[in-house]
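Let's take a look around this protein together. Have the sequence and the 3D view ready, and follow along.

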Amino acid sequence: MTRFIDLPTLAALVHDMGAAHFLCELADEIHTDFLRWNAFDKTARTASHSPHGVIELMPVSDDTLYSFKYVNGHPGNPACGLPTVMAFGVLAEVATGLPLLLSELTLATALRTAATSALAAQALARSGSRSMALIGNGAQAEFQALAFHALLGIKELRVFDTAPAATDKLLRNLARTPGLRLVRAASVADAVRGADIVTTVTAAKRHARVITPDMLEPGMHLNAVGGDCPGKTELHPDVLRQARIVVEYAPQSRVEGEIQQLAGDHPVTELWQVLSGQASGREHAGQVTVFDSVGFALEDHAALRFIHRQALARGLGADLALVPTDGDPRDLFGRTRSHLRRVV
């Protein structure tokens with residue numbers, strides 16, 4: 001049987017554990033996998049682009065478990081009542097190919113993205129960072145805010161979105177978060193001014209320049225999340241040229257990330273190198289750092305494994321007869337006649 005976790009089940013799990021606690025445990029799981037970087041068979045995701053958006057498949061495996069995620073990115077979806085990002089994923093045994101888990105990953109993608117952002121910031125942001133600007137207040141914004149509050153101790157969140165209703169939603173959802181001061185900014189520049197960390201998580205599929213060089217301050221850490229496919233960026237290229245850049249998987253990031261704007265040989269460091277101590281993160285207090293996050297399959301692998309473990313331990317989800325696991329494994333046709341035997 002294959003365990004199935006739908007959106008309401010995962011949402012209930014996050015509620016029961018508490019979003020902050022869930023994010024912290026998930027960050028630990030992702031950290032563990034980045035430290036096992038060389039144990040994984042990795043590839044950049046396969047993308048199918050259209051004028052409306054992109055649909056992608058993201059596979060990865062080690063010698064025990066294989067996973068993939070189906071995910072889309074359609075910025076126009078909210079206008080027709082659908083999320084910009086929708087996803088599901090599978091976790092399977094390498095030894096047999098048996099699918100162990102079929103899970104929603106729309107909510108889980110937001111959670112793992114935020115957990116990875118905070119994990120990278122622990123290595124790249126200045127020690128003692130307490131204020132963050134959050135540019136783009138859509139579906140992923142609250143998760144970013146909670147992850148940085150829980151894992152880095154962010155106390156002041158300065159928020160801005162070109163759609164005031166998005167900011168209204170964020171302020172409403174986070175209003176009762178203990179120890180987090182929320183400030184509604186009048187503009188991007190207003191939000192960024194004096195911030196220790198700047199997170200951009202905008203949705204427009206274009207070469208946007210949300211953050212420009214004149215906004216940079218010594219020691220600032222930029223967490224660029226929204227640029228995640230060809231033709232979609234958030235940072236002015238001169239911002240990148242002034243910064244130390246860390247990415248998840250360079251072959252994918254050079255096509256999809258902020259660094260698609262730079263020469264193909266522009267130096268970058270992969271996150272696993274920083275987390276394992278093979279490369280430095282922040283080199284000095286005044287350095288500007290960028291985490292150019294596009295999302296990598298290893299993060300989904302960790303999320304699926306974490307969800308599967310929690311589901312089994314807590315008795316969550318339902319078992320699906322997704323593949324034949326009883327009877328004669330060679331008699332597939334016979335299963336098409338089983339209903340006749342039951343009728344007779």
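How many residues does the hairpin use to join β3 to β4? The answer is two residues. Keep in mind as you look that this is a predicted model. Strand β3 covers residues 46-50 and strand β4 covers residues 53-61. The pair runs antiparallel, with five bridges holding the partners together.

Next up, the cysteines. A disulfide is a covalent bond between the sulfur atoms of two cysteines. This structure has zero of them. A disulfide needs the two sulfurs within 2.5 Å. Their surroundings are set out here:

| Cysteine | Relative accessibility | Counts as |
|---|---|---|
| Cys80 | 54% | exposed |
| Cys229 | 3% | buried |

Finally, let's visit the second largest pocket, with about 200 Å³ of space inside. Its lining is made up of His15, Ala19, Glu142, Phe143, Leu146, Asn173 and Leu174. Two elements, α4 (141-152) and α5 (164-174), each give two or more residues to that lining. Helix α4 provides the largest share, with three residues. What kinds of residues line the second largest pocket? Four are nonpolar, two are polar and one is charged.

Technical notes
Residues numbered from 1 in each chain as written. Predicted model: local features only at pLDDT ≥ 70, side-chain atom pairs only at ≥ 80, totals over all residues. Heavy atoms only, no water. Buried < 20%, exposed > 50% of the residue type's maximum accessible area, 1.4 Å probe, protein only. Pairing = 2+ DSSP bridges. Helix = DSSP H or I, 4+ residues; strand = E, 2+ residues; numbered from the N terminus. 1 Å grid on protein atoms, 1.4 Å probe; cavity = no way out; pocket = protein on both sides within 12 Å on 5 of 7 lines; lining within 4 Å. Points joined across faces, edges and corners; volume = space filled by probe spheres on them. Nonpolar A, V, L, I, M, F, W, Y, C, P; charged D, E, K, R; others polar.
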